[in-house]
Amino acid sequence: MPDDRGPITLITSISDERNRWKSLAYAWKGIALQAANSCTQCGAPALWRTPDQATGWCEAHWKSVPKDQADAAEKVPWYVGLLKAMDLEDEM
């Protein structure tokens with residue numbers, strides 16, 4: 001063991017580091033949600049938007065958008081990054 005630490009100390013240290021990263025991820029998620037545009041129908045954070053960013057929808061309302069608008073919509077960049085971060089967390 002490095003630094004003459006026992007297995008319990010090593011496991012606790014790894015767990016603490018992982019919890020710090022989780023806390024940081026939740027903090028960034030909270031900041032992103034506050035900074036995001038809101039859904040034009042309900043006011044929840046918009047996860048989808050039109051390319052001109054004039055209209056945004058939460059996940060629930062995006063499903064009810066007419067097909068021509070839904071095809072033109074894109075996921076907001078912070079949401080794409082958050083999904084990638086959550087996938088990395090699952091892999092760890």
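Modeller: Start with K67 and D71, whose side chains meet in a salt bridge at 3.5 Å, N to O. Keep in mind that this is a predicted model. Both residues belong to helix α3 (residues 67-72), and they lie 4 residues apart, about one turn of the helix. K67 is exposed, and so is D71.

The count comes to 2 salt bridges, and here's the other: E74 and R49 bring their side chains together at 3.1 Å, N to O. This pair links distant parts of the chain, since E74 is in strand β3 and R49 in strand β1, 25 residues apart. How buried or exposed are the two partners? R49 counts as buried because its relative accessible area is 15%, under the 20% cut-off. E74 has 33%, so it's partly exposed.

Now look at the backbone around that pair. R49 stands opposite E74 in β3, and strand β1 (residues 48-49) pairs with β3 in the antiparallel sense over 2 bridges. Strands of a sheet pair through backbone hydrogen bonds, either parallel or antiparallel. Here the open sheet has 3 strands in the order β2-β1-β3, with antiparallel pairing. Its edge strands are β2 (56-57) and β3 (74-75), each pairing on one side only.

One more neighbour of R49 is worth a glance: V76. Setting aside residues within four places in sequence, V76 is in contact with A46, L47, W48 and R49. V76 also belongs to the largest nonpolar core, which has 8 residues, among them L47, W48 and W57.

Terms used: Residues are numbered from 1 along each chain as its sequence is written. This is a predicted model: local features need pLDDT of at least 70, side-chain atom pairs count only at pLDDT 80 or more; totals for chains, interfaces and linings use all residues. Side-chain values use heavy atoms; hydrogens and water are left out. A nonpolar core is a set of buried Ala, Val, Leu, Ile, Met, Phe, Trp, Tyr and Cys residues joined through side-chain atoms within 4.5 Å. Buried means under 20% relative accessible area, exposed over 50%, partly exposed in between (1.4 Å probe, protein chains only). Contact means heavy atoms within 4.5 Å. Two strands pair if DSSP finds at least two bridges between them. A salt bridge is a side-chain nitrogen of Lys or Arg within 4 Å of a carboxyl oxygen of Asp or Glu.
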